[in-house]
Amino acid sequence: MSSAVSIWLGDRIDSISDSTRRLLFQGIGVTLLLTCLFVGGNQAMQRMKSFVHQQTQYDHPLVLEWENLPDWLMLPDNGHILDSLVARVDLQPTDRMLDPELSHRIGSALTASDVGWVKAVDRIQIRSDGVIGIRCQFRKPAAWVRLGSFCYLVDDESFRLPGRYEADDCKGTALMTILGIRGKPPGVGQRWPAAELADGIRTVALLSTRPFHREISAVNVSNHEGRVDRNRPHIELITDAKGSRIWWGRAPEQEHGIEISATQKVTLLETLYKQWGRLSVNRPYIDIRTWPDRIAMPMMIPTTSQTRILRG
């Protein structure tokens with residue numbers, strides 16, 4: 001069979017003119033030459049790369065450096081966040097600054113959906129001294145969300161941040177707690193789709209910068225949009241005084257003329273705080289939903305001892 005093919009191929013070549021045969025052999029020769037050059041060049045590049053990587057100025061461990069960190073992330077209590085990100089990048093002793101895939105690998109590691117803390121990576125710069133400068137946009141904790149006996153962190157866009165915490169461990173922190181969320185929490189790095197959570201976060205944002213904010217321990221959204229009782233406030237603020245609540249009412253920008261605006265409500269609370277030095281005024285609740293210039297609250301019922309004093 002092979003001899004027949006050889007005879008046929010020889011006949012075909014003999015039938016080709018000298019000029020065509022010459023061009024054919026030239027093409028084959030050029031192809032072989034280019035193949036050899038490519039293989040040889042690739043091997044030379046690998047040897048050169050290996051040689052360069054072995055040079056003293058390139059042969060040392062790489063170090064991560066975070067650029068333009070936000071103030072909250074520079075606090076000692078939040079050092080564990082950066083530690084977790086460094087562990088996620090997982091630089092190896094064999095990593096070298098001239099690795100063309102290094103930047104991509106670092107960026108992919110930091111922006112993986114289950115990392116949670118990084119919203120976006122703005123820049124990764126590998127410097128000649130072996131320092132890898134990283135500039136990110138971080139997700140800042142905005143509030144706790146309590147479900148049962150556990151709390152979860154969320155940012156101002158309702159994205160869940162890493163961790164699950166005992167509810168008692170979250171008391172007395174700088175962050176307010178949002179109560180009354182229905183359903184289960186999403187995975188880390190995923191948006192929590194509950195509408196009541198978004199409205200709770202917006203309420204927290206209005207209150208968290210005010211001088212009285214530390215007296216508000218939680219924002220209760222369990223009656224969001226009146227889903228439990230349309231006659232009750234949609235949102236209530238729970239103060240640090242036992243049994244004392246503030247009837248906030250509808251979510252910000254959803255007052256629709258039925259209640260005063262969220263800005264007016266905040267002004268009422270600021271006025272109350274300036275006058276009394278606190279938000280709790282020994283009443284089970286104060287209602288700030290209706291009038292822009294005054295609050296409503298139940299009358300205080302005097303105790304027996306107070307009655308005797310008043311009567312002389």
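In the hairpin of β9 and β10, where five residues lie between the strands, glycine 243 adopts a positive phi near 75 degrees. The model is predicted, with local features requiring pLDDT of at least 70 and side-chain atom pairs counted only at pLDDT 80 or more, while totals for chains, interfaces and linings use all residues. Residues are numbered from 1 along each chain as its sequence is written, and side-chain values use heavy atoms, leaving out hydrogens and water.

The secondary structure of the protein chain comprises seven helices and eleven strands, taken as DSSP runs numbered from the N terminus (helices: H or I, at least four residues; strands: E, at least two). Of its 312 residues, 35% count as buried, that is, under 20% relative accessible area with a 1.4 Å probe, protein chains only. Among contacts (heavy atoms within 4.5 Å) between residues at least 6 apart in sequence, 53% join residues at least 24 apart.

Eight strands make up an open sheet of mixed pairing, in the order β6-β5-β4-β7-β8-β9-β10-β11; two strands pair if DSSP finds at least two bridges between them. At the edges are β6 (165-166) and β11 (285-287), each pairing on one side only. Helix α6 (residues 262-276) packs on this sheet, where α6 touches β9, β10 and β11 and makes about 160 degrees with the direction of β10. Angles run from 0 to 180 degrees between N-to-C directions, and axes are lines fitted to C-alpha atoms, for helices over the stretch in contact. Helix α5 (residues 195-207) lies across β4, β5, β7, β8, β9 and β10, at about 145 degrees to β7.

Four bridges join β9 to the antiparallel β8 (residues 216-220), with leucine 237 as the bridge partner of valine 219. On β10 (residues 245-249), β9 again pairs in the antiparallel sense over four bridges, and isoleucine 235 has glycine 249 as its bridge partner.

Turning to a helix pair, the axes of α3 (residues 79-89) and α4 (residues 102-110) come within 9 Å and cross at roughly 130 degrees. That angle makes α3 oblique to α4, as angles under 35 degrees count as roughly parallel, over 145 as roughly antiparallel, 65 to 115 as roughly perpendicular and the rest as oblique. Leu85, Arg88 and Val89 in α3 meet Arg105, Ile106, Ala109 and Leu110 in α4.

Conventions. Buried means under 20% relative accessible area, exposed over 50%, partly exposed in between (1.4 Å probe, protein chains only).
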